[in-house]
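Could you walk me through how to read a few features of a protein model? I would like the general idea and then the case at hand.

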Amino acid sequence: MRAQGTFHGEIHNTLGWDAKYEEMQITLTVGCLSGGLGIRSLVAINDAATFKLTWNVLAGSNQWADFMRAYFFRNKKSVAYYMNSSIWPALEHNLALIDLYALWLVGDGRSINFWEDPWIPNLGGSIAAAFSISAQIRPHLKSCVADFIVSNCWCLPSGLDEVDPSLIDTIQKIAIPLVGQPDKLIWPHSSDGLLTFKDAYNLFSPRGMIVQWGSQICSRFIPPRRSFLIWRLFHNRVPTDDRLRLNGVKELLLNALINVLWVIWHCQNEARFNNKVISPLAATHMISSFVSKGGILGKGVMKNNLSDLFILRHFRLAARPRRAPSIIQVNWALPLAGWIKINTNGSSHGNPGLSGYGGIFRNCRGFVMGYFADHLGISTSVIAEYLAVVRALEIVLSFGWVKIWLECDSSLIILSLREQVPILHVPFMFLW
């Protein structure tokens, strides 16, 4: 099975990609402290780059940012019509996120829309969005923050305190500069108000929860190769599923790995608490004995190759070859000249469950003469098969066809037609 996404190739062959791809991708891209491998997602990197570029357009003060704002914005709103640009669709997609996470720092208040721009801390957006002001009214809300500042003091609308008194207190706490300064768009989640690429990447690829074993297996004094083995153990990725999928050797090697870890722990405890030293040879015999006993209870089968056979023989286990596949030849034959061949089928999703049936008519040259299909609602697969045959015969009678060849994959239906034996659990619904 090949993964559909960013990670494939060697990583796919090493980890075993039988789990859900989305879950596995998150496990790989989170940091080591969160139990991942710290592999950066290319999708998150691309999203972070476009988000940072959108931020530079809105918050930049260079000539390029001024040109982009003048070309793609009208009255601080993005243009509503199509613009022939290769980068603008990606940038426009990030405007809603910037309105959600960014914040305007109040200066002279002339560049901030009082209702539409996010300028109040901890509000989570604009006033219009927080109070769900309808879209028909929003185009008429053109007041800027400077309209509500008189002599460096806030002069807020009288009806605002009736809607949310706490909002008035929050606005009153926003300091107004004594000397007029231009308003500035800042990133409130950083200490200096600037958005870095790291901040943008963390937005699209958030850190996971810290796990206790994350820092322990990723230490400098542990070789990465051995740390990766323990990581695979914690995530149930030992052994590899691509090479050992659905076979007894997979169970055997997993059994061996667990017993190796247990024997190491046992030997350490014996030496520390009982002053008993277990030799490496004795420990090896213990592991081999435990694996052999556990392998007897296994139900998996081996792949029919020498490597799997040698592994089983090493642990004194009998070979467990796979059964040879049963190959059944299935073909479709043309009817004789002047004959009509009918293929019918019926099925149900569950038994009983949602069911339906259908059929198709072909002549001696394989051309389709007609077809039918219908649903039954809640029924069984036997009834669906039966009704498909009945409907096909009704069509045959209506056209006056005499030479017909009926094919059906239900042996019960064929037996009923040949021997004229009624199917007891199929209700009599038709009059011929």
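Q: What should I know about the model before I start?
A: This is a predicted model, where local features need pLDDT of at least 70, side-chain atom pairs count only at pLDDT 80 or more, and totals for chains, interfaces and linings use all residues. Residues are numbered from 1 along each chain as its sequence is written, and side-chain values use heavy atoms, leaving out hydrogens and water.

Q: How many salt bridges does the structure hold?
A: Side chains of opposite charge can pair when their charged atoms come close. A salt bridge here is a side-chain nitrogen of Lys or Arg within 4 Å of a carboxyl oxygen of Asp or Glu. The structure holds 3 of them.

Q: Where do Arg-69 and Asp-66 lie?
A: Both are in helix H4 (residues 63-72), 3 residues apart, about one turn of the helix; helices (H or I, at least four residues) and strands (E, at least two) are DSSP runs numbered from the N terminus.

Q: Which parts does the pair of Glu-407 and Lys-341 tie together?
A: The side chains of Glu-407 and Lys-341 meet in a salt bridge of 3.0 Å, N to O. Glu-407 lies in strand E10 (residues 404-408) and Lys-341 in strand E7, so the pair links parts that are 66 residues apart in sequence.

Q: Is Lys-341 buried or exposed?
A: Buried means under 20% relative accessible area, exposed over 50%, and partly exposed in between (1.4 Å probe, protein chains only). Lys-341 is buried, at 0%, while Glu-407 is partly exposed, at 24%.

Q: Which residues have the most contacts inside the largest nonpolar core?
A: In soluble globular proteins, nonpolar side chains tend to be buried together. A nonpolar core is a set of buried Ala, Val, Leu, Ile, Met, Phe, Trp, Tyr and Cys residues joined through side-chain atoms within 4.5 Å. The largest one has 31 residues, and those with the most contacts inside it include Trp-55, Phe-114 and Ile-171. Helix H3 (42-59) is among the elements giving two or more residues to this core, and H3 gives the most, with 4 residues.

Q: Where does Leu-336 lie?
A: Leu-336 is in the loop between helix H16 (306-314) and strand E7 (340-350). Leu-336 is exposed, with a relative accessible area of 61%.
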